[in-house]
Amino acid sequence: MTDDRLSSMAALRNRDPILDVLRTALPETGRVLELASGTGEHVMHFAHNLPDLHWQPSDPSPEARQSIAAWSAAERLPNVAPPIDLDAAQGPWPMGPFAAVVCINMIHISPWPATIGLMQGASSVLPAGGVLYLYGPYRRSDRPLAPGNAAFDEDLRARNPAWGLRELDTVIACAADHGFVFEQVIDMPANNLSVIFRKTT
Ligand SMILES: C[S@@+](CC[C@H](N)C(=O)[O-])C[C@H]1O[C@@H](n2cnc3c(N)ncnc32)[C@H](O)[C@@H]1O
């Protein structure tokens with residue numbers, strides 16, 4: 001069957017470990033905005049398993065949005081909204097409030113202004129107490145990069161010098177500049193991290 005559904009091996013591998021964290025990190029009800037939804041496989045999986053949350057996928061790539069819409073048409077989940085065009089660096093951000101913002105594997109594969117935009121935009125759509133969840137590989141000041149992450153970082157920088165693994169402390173400082181308190185970091189498979197923030201005011 002040919003359709004617009006894309007599939008990512010990585011997303012299929014990491015979706016259950018991420019879901020386990022989301023079960024405890026996210027509120028039980030409310031709207032969740034996902035940035036950089038990619039194929040849409042994550043949002044379908046989370047929406048299926050967390051049916052009391054209403055999911056808003058987004059991606060600036062038309063191909064990704066087509067894939068998300070195609071997965072949505074196939075899965076017919078009542079708690080997934082049609083994908084929106086959202087570039088974290090540029091907006092426009094959808095009308096809030098959202099209970100949480102989820103962003104998986106974007107920060108290292110976009111220029112730094114996308115992370116600043118993510119923090120600004122997430123801050124604008126979340127009320128006090130809202131959750132910002134990040135997932136991906138990071139540099140950490142107190143330990144060396146795992147060899148796999150060092151090779152990945154080199155590959156990313158060769159593809160685009162503005163990409164690359166970010167220092168976790170720098171991301172935490174950027175979040176703090178936009179009203180987020182850092183709550184927790186959780187080690188995930190394949191040297192990735194879940195990083196959880198809460199909006200303060
Ligand atoms: C590596 S993929 C990750 C997709 C999905 N979250 C996953 O983990 O399978 C990176 C995604 O980030 C999106 N992206 C890149 N720059 C972005 C930006 N400035 N704002 C929002 N999304 C962006 C891309 O279109 C792509 O879908």
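At what angle do helix H4 (residues 112–125) and helix H6 (residues 168–177) pack, and how far apart are their axes? The angle is about 40°, and the axes are 9 Å apart. This is a predicted model, in which local features need pLDDT of at least 70, side-chain atom pairs count only at pLDDT 80 or more, and totals for chains, interfaces and linings use all residues. Residues are numbered from 1 along each chain as its sequence is written, and side-chain values use heavy atoms, with hydrogens and water left out.

Some terms come first. Helices (H or I, at least four residues) and strands (E, at least two) are DSSP runs, numbered from the N terminus. Axes are lines fitted to C-alpha atoms, for helices over the stretch in contact, and angles run from 0 to 180 degrees between N-to-C directions.

Back to H4 and H6. Their angle makes them oblique to each other. Angles under 35 degrees count as roughly parallel, over 145 as roughly antiparallel, 65 to 115 as roughly perpendicular, and the rest as oblique. H4 passes H6 in a right-handed crossing. A crossing is right-handed if the near helix is turned clockwise from the far one by less than a right angle, and left-handed if anticlockwise. Trp112, Thr115, Ile116 and Met119 of H4 meet Thr170, Val171, Cys174 and Ala175 of H6. Contact here means heavy atoms within 4.5 Å. By class, this contact has six nonpolar, two polar and no charged residues. Ala, Val, Leu, Ile, Met, Phe, Trp, Tyr, Cys and Pro count as nonpolar, Asp, Glu, Lys and Arg as charged, and the others, Gly among them, as polar.

Cys174 is buried, at 7% relative accessibility. Buried means under 20% relative accessible area, exposed over 50%, and partly exposed in between (1.4 Å probe, protein chains only). Cys103 is buried too, at 2%. A disulfide is a pair of cysteine sulfur atoms within 2.5 Å. The count comes to zero disulfides.

Helix H1 (residues 9–25) and helix H2 (residues 41–49) pack at about 40°, with their axes 10 Å apart. That makes H1 oblique to H2. The crossing of H1 past H2 is right-handed. Several H1 residues meet H2, including Leu12, Arg15, Ile18 and Leu22. On the H2 side are Glu41, His42, His45, Phe46 and Asn49. This contact has six nonpolar, four polar and four charged residues.

Two loops come next. Pro27 sits in the loop between H1 and E1. Pro27 is partly exposed, with a relative accessible area of 30%. Its C-alpha atom is 8.1 Å from that of Val131, 104 residues apart along the chain. Not counting residues up to four places away in sequence, Pro27 touches Leu53, Ala99, Ala100 and Val131.

Ser37 lies in the loop between strand E1 (30–35) and H2. Is Ser37 buried or exposed? Ser37 is buried, at 4% relative accessibility. Leaving aside neighbours within four places in sequence, Ser37 is in contact with Pro57, Ser58, Asp59 and Ile68.

The last stop is Arg157, in helix H5 (residues 147–159). Arg157 is partly exposed, at 34%. Beyond residues up to four places away in sequence, Arg157 touches Arg139, Trp163, Gly164 and Leu165.
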